[in-house]
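Hi,

Here is the structure I said I would pass on. Have a look at it first, and then read my notes below.

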Amino acid sequence: MKNATPEAALRSLLAWCLFALVFPAGQAALATEFTQLKMDRSEEGVYLSASVQFEVPAVVEDAMLKGIPMFFVAEADIYRDRWYWYDKRVTTATRTMRLAYQPLTRRWRLNVLPGAISVTGLRASFSQHYDSLPDAISSIQRLSRWRIADAAEVDADVRHKVEFRFRLDLSQLPRPFQIGVAGQKDWAIAVETQRELIVEAVREAPKDAGRDSAREPAKEAVK
């Protein structure tokens, strides 16, 4: 197979897709869920931290071992509440994570892109390498202080809500794969939720607070 032609490689890929369609995995993947979701605001903007729990099905791992990268996408929409009309979307944040197996080094490469891959491309990504698939997936499952909005985009005196989504983006797969995996539960890694964003206005300390004002940061840290 060292001298295999591109046509032979394509036939092999199509055969694998057909096999995956006709003989799906016997055990369905566990449901994808958020185990942690937190949002906070600073002077720079609104930050989101989350933990996503999911398992990589055998068919997905097998596809990556055959050289097909997988794309995981996190999306957050912030809506401003309007009593007289539909809520207004004020901003959208997207993060794309491309995971690929490198057979020469037998390591996993993770590219993190600040946006959709169709817009930014891999040149704008940050890459990391892992020795095992569980280590790479663990990094994908954790989002730590991801800035989803600038401070000026969220008014402190108006109610907002956040719609947060995480999914395996099947649209980035090769065309034969998109046909073969459509509707299969083993490829359905997706979860979404909606939360109210509670933003408190920044309060200025009284000018005559005196020496007691120095203790306030310590009180806030305990909360």
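A quick word on terms before the details: a residue counts as buried under 20% relative accessible area and exposed over 50%, with partly exposed in between. Keep in mind, too, that this is a predicted model.

With those cut-offs, Lys161 comes out as partly exposed, because its relative accessibility is 22%. Its side chain meets that of Asp87 in a salt bridge, at 3.4 Å from N to O. Lys161 sits in strand 8 (residues 160-168), while Asp87 belongs to the loop between strand 3 (70-80) and strand 4 (88-102), so this pair ties together parts that are 74 residues apart in sequence. Asp87 is partly exposed as well, with a relative accessible area of 26%.

- Asp62 and Lys66 join their side chains in a salt bridge of 2.9 Å, N to O. Asp62 is partly exposed at 28% relative accessibility, and Lys66 is partly exposed too, with a relative accessible area of 48%.
- Arg147 and Asp150 form a salt bridge of 3.8 Å, N to O, between their side chains. For Arg147 the relative accessible area is 42%, so this residue counts as partly exposed. Asp150 is likewise partly exposed, at 38% relative accessibility.

There is also a network: salt bridges that share partners link Glu75, Asp77, Arg89, Glu163, Arg165, Arg167 and Asp169.

Strand 2 (residues 45-53) and strand 7 run antiparallel and are joined by six bridges. If you want a spot to start from, take Ala50, whose bridge partner in strand 7 is Leu143.

Cheers

Notes:
Residues are numbered from 1 along each chain as its sequence is written. This is a predicted model: local features need pLDDT of at least 70, side-chain atom pairs count only at pLDDT 80 or more; totals for chains, interfaces and linings use all residues. Side-chain values use heavy atoms; hydrogens and water are left out. A salt bridge is a side-chain nitrogen of Lys or Arg within 4 Å of a carboxyl oxygen of Asp or Glu. Buried means under 20% relative accessible area, exposed over 50%, partly exposed in between (1.4 Å probe, protein chains only). Helices (H or I, at least four residues) and strands (E, at least two) are DSSP runs, numbered from the N terminus. Two strands pair if DSSP finds at least two bridges between them.
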